[in-house]
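Trainee: I have not looked at this structure before. Could we go through it by question and answer?

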Amino acid sequence: MESNVDTQQQISETLLLPQEVLLSAGVHIGTRVKTKDMEPFIYKVRPDGLYVLDMEKMNDRIKIASKFLSRMNLSKVVVASSKRYGRSPVEMFCKVIGCKPMTGRFTSGTFTNPAYSDFFEPTAVIVTDSLADDQIVEEASQCGVPVIALASTDNSKMNADLIIPMNNKGRRALAIAFWLIAKEILKEKNELPANGEMRYSIDDFETNG
Amino acid sequence: MSTCISCGRKVTPEEKAVKMTCPNCGGITIWRCEKCRLFGRTYRCPACGFTGP
Ligand SMILES: [Zn+2]
Ligand SMILES: [Zn+2]
């Protein structure tokens with residue numbers, strides 16, 4: 001009998017979403033590039049050469065990132081995505097949680113030049129991809145601000161203080177990531193019961209078109 | 001004076017170090033020096049055992 005190799009991974013029952021939902025969104029799918037930094041988070045390589053991330057580790061890191069964020073002044077947390085598919089998830093996340101979104105192109109000096117009109121001093125920064133959002137990671141590091149980074153198999157740990165290993169390129173995967181973190185933060189802050197659901201769905205978080 | 005959790009070196013005020021609480025337990029203040037942060041060196045929380053980044 002043929003079996004889906006991706007589902008053979010030993011998954012605990014503590015996943016934040018049913019395994020089928022996570023698998024169908026490809027949250028665990030990486031790229032054909034594997035960095036040494038991301039090796040501890042990689043589960044296996046598929047026959048087609050795609051590296052697959054460890055879903056349990058992803059799950060654990062989403063929980064830890066949510067705990068970390070829930071202890072902060074969220075209005076001073078910047079959430080960035082220069083990529084198109086990250087835009088809607090980031091904006092919805094910020095709307096629900098009260099963080100500051102920075103989507104599209106990042107203007108250099110935003111964190112480092114007090115003379116700049118949009119100057120902002122964050123207490124932490126979340127980036128969807130440290131490669132694409134390299135400028136914001138660099139400025140956050142210059143300011144000594146903790147960086148939480150969604151990272152796929154091709155990312156590095158450079159200047160990141162907390163890695164969330166997952167597919168950071170897929171439209172659905174990014175929606176699920178930010179939806180889950182938002183939900184976990186609300187639970188940590190007791191603004192949502194342990195088994196409660198948010199007013200917003202994953203679809204609400206997903207970039208259309 | 002603060003020391004880097006990964007290399008044990010003293011963190012100077014001029015360098016681009018980061019100060020944060022342990023992401024997992026929040027019980028410990030963690031300093032990562034500029035180099036350890038840049039190279040993504042592992043840190044371990046002495047209170048809960050969490051290993052990052
Ligand atoms: Zn160090
Ligand atoms: Zn800890």
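Trainee: What pLDDT does chain A average?
Mentor: This is a predicted model, so confidence comes first, on a scale from 0 to 100. In chain A, 93% of the residues score at least 70. The average pLDDT of chain A is 93.

Trainee: Over which residues of chain A does pLDDT stay under 50?
Mentor: Where pLDDT is low, the predicted coordinates should not be read in detail. The stretch in question has six contacts beyond four places in sequence in the model. It covers residues 1-9 of chain A.

Trainee: Which strands are the edge strands of the open sheet in chain A?
Mentor: The sheet has five strands with parallel pairing, in the order β4-β3-β5-β6-β7. An edge strand pairs on one side only. The edge strands of chain A are β4 (100-103) and β7.

Trainee: What angle does the direction of helix α3 make with that of β4 in chain A?
Mentor: Helix α3 (residues 84-97) of chain A packs on the sheet, where it touches β3 (77-81) and β4. Its direction makes an angle with that of β4(A) of about 170 degrees.

Trainee: How many of the residues of β3(A) are buried?
Mentor: A residue counts as buried if 20 or more other C-beta atoms lie within 10 Å of its own. Val77(A), Val79(A) and Ser81(A) point one way from the strand, Val78(A) and Ala80(A) point the other way, and all are buried. In a regular strand the side chains alternate between the two faces of the sheet. For β3(A) the count of buried residues is five of five.

Trainee: Which residue in β5(A) is the bridge partner of Val79(A)?
Mentor: β3(A) and strand β5 (residues 124-127) of chain A run parallel and are joined by four bridges. β3(A) also pairs with β4(A) over four bridges, and there Val78(A) stands opposite Lys100(A). In β5(A), the partner of Val79(A) is Ile126(A).

Trainee: Is Lys10(B) buried or exposed?
Mentor: Lys10(B) is found in the segment before β1 (18-21) of chain B. Arg32(B) is 22 residues from Lys10(B) in sequence and 9.9 Å away in space, C-alpha to C-alpha. Because Lys10(B) has 11 other C-beta atoms within 10 Å, it is exposed.

Trainee: Which element supplies the largest share of the side of chain A that touches chain B?
Mentor: The contact takes 18 residues from chain A and 15 residues from chain B. In chain A, α2 (55-70), α4 (134-142) and β7 (162-165) each supply at least two residues of that side. The largest share is four residues, and it comes from α2(A).

Trainee: How many residues of that side of chain A are nonpolar?
Mentor: The residues of the side of chain A that touches chain B include five polar and five charged. The nonpolar residues number eight.

Methods:
Residues numbered from 1 in each chain as written. Chains lettered and ligands numbered in written order. Predicted model: local features only at pLDDT ≥ 70, side-chain atom pairs only at ≥ 80, totals over all residues. pLDDT = per-residue confidence, 0-100. Contact = placed C-beta atoms within 7 Å. Nonpolar A, V, L, I, M, F, W, Y, C, P; charged D, E, K, R; others polar. Pairing = 2+ DSSP bridges. Axes fitted to C-alpha atoms, helices over the stretch in contact; angles between N-to-C directions. Buried ≥ 20, exposed ≤ 12 C-beta atoms within 10 Å, placed from the backbone.
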